[in-house]
Amino acid sequence: MRNTILVFLVTVAGTLGEMSVGRAMKDIGEVTRFTPRAIFRVVLQSMARPFMWLGLLLMAVAFFSLLLLLSWENVSFAVPVTALSYVIAAVGAKFLLREEVSGLRWLGVGMVVVGVSLVWAG
Amino acid sequence: MPAVHTLRTKTFVLIALMVLFGSSGDVLLGKGMKEVGKLTAWTLPALFHFLLPALLNPTVWLGISCLLLFFLAYMIVLSWADFSYVLPASAAGYAVVPLLGHLFLGEAVSPLRWTGVAFICVGVVLVGNTPPSTTTLAPAPAPARSASHAPAATGS
């Protein structure tokens with residue numbers, strides 16, 4: 001039960017957090033200039049976005065949940081967690097961010113999930 | 001289609017930066033934390049004796065700097081590219097780390113790991129072949145964009 005909650009927090013909170021950061025950046029709009037000044041301005045703009053802070057908060061929750069999980073479970077526990085994150089990310093991107101996740105992209109995500117699991121397990 | 005071409009190019013460059021800074025950050029942080037040692041117990045004194053040397057360790061700071069640069073590249077690429085494009089594509093890092101470990105540190109990589117590296121490479125190439133951005137018609141950007149760009153244009 002304890003592990004289930006933590007795995008849920010790591011994967012779902014982590015993915016929602018990254019999606020919030022993505023949403024904040026989409027609201028700012030495409031970055032077209034890459035001078036240090038322009039990038040600094042983008043960082044400042046992002047900090048004025050509530051979605052950015054929500055994202056950072058959720059990512060922090062996920063990070064500390066993972067630390068907690070790995071403090072009493074074997075590192076191999078990170079395998080299903082990482083793999084699951086990619087699947088949740090693709091589902092979330094499709095339904096919450098309304099991205100077009102094509103068959104090819106799903107296939108790619110599937111290969112990445114298998115690959116990451118094997119690298120972790122190996 | 002020059003617009004799509006440059007979009008793809010800058011997406012590739014930023015994901016490459018993410019992979020570079022993300023993997024070196026992970027490796028440096030891992031190396032630094034191994035020098036520091038293990039957290040012995042979840043008590044305040046133990047936490048203090050663990051965190052203090054960690055925060056004084058230059059390798060740890062180098063790792064943290066790399067991870068901050070990773071996050072900056074991540075933020076920038078997400079300003080235009082799909083989340084479902086960037087995330088699986090940046091998994092290339094999981095393939096790069098064993099590869100670099102094998103080439104430069106002479107680390108042994110098990111056949112299972114090599115299989116995983118191969119799967120990741122194929123997956124990244126497949127995702128990379130889809131259009132990086134599919135949400136140009138999303139409701140959010142249009143009004144927010146003109147509002148946030150107007151002061152920036154006059155300010156520069």
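Okay, let's start inside chain A: helix 4 puts A:Ala78, A:Val79, A:Thr82, A:Ala83, A:Tyr86, A:Val87 and A:Ala90 against A:Trp106, A:Val109, A:Val112, A:Val113, A:Val116, A:Ser117, A:Trp120 and A:Ala121 of helix 5. Contact means C-beta atoms, placed from the backbone, within 7 Å. Helices are DSSP runs (H or I, at least four residues), numbered from the N terminus.

A quick word on the source: this is a predicted model, where local features need pLDDT of at least 70, side-chain atom pairs count only at pLDDT 80 or more, and totals for chains, interfaces and linings use all residues. Residues are numbered from 1 along each chain as its sequence is written, with chains lettered from A and ligands numbered from 1 in the order in which they are written.

How do the axes of helix 4 and helix 5 of chain A cross? They come within 9 Å, at roughly 170°, so the two helices of chain A are roughly antiparallel (angles over 145 degrees).

In chain A, helix 4 has the lowest mean, 89, and helix 2 (residues 36–47) the highest, 95.

Now, chain B: 38 of its residues are in contact with 40 of chain A. Helix 6 of chain B gives the largest share of chain B's side, 12 residues.

Definitions and conventions. pLDDT is the predictor's confidence in each residue, from 0 to 100. Two residues are in contact if their C-beta atoms, placed from the backbone, lie within 7 Å. Axes are lines fitted to C-alpha atoms, for helices over the stretch in contact, and angles run from 0 to 180 degrees between N-to-C directions. Angles under 35 degrees count as roughly parallel, over 145 as roughly antiparallel, 65 to 115 as roughly perpendicular and the rest as oblique.
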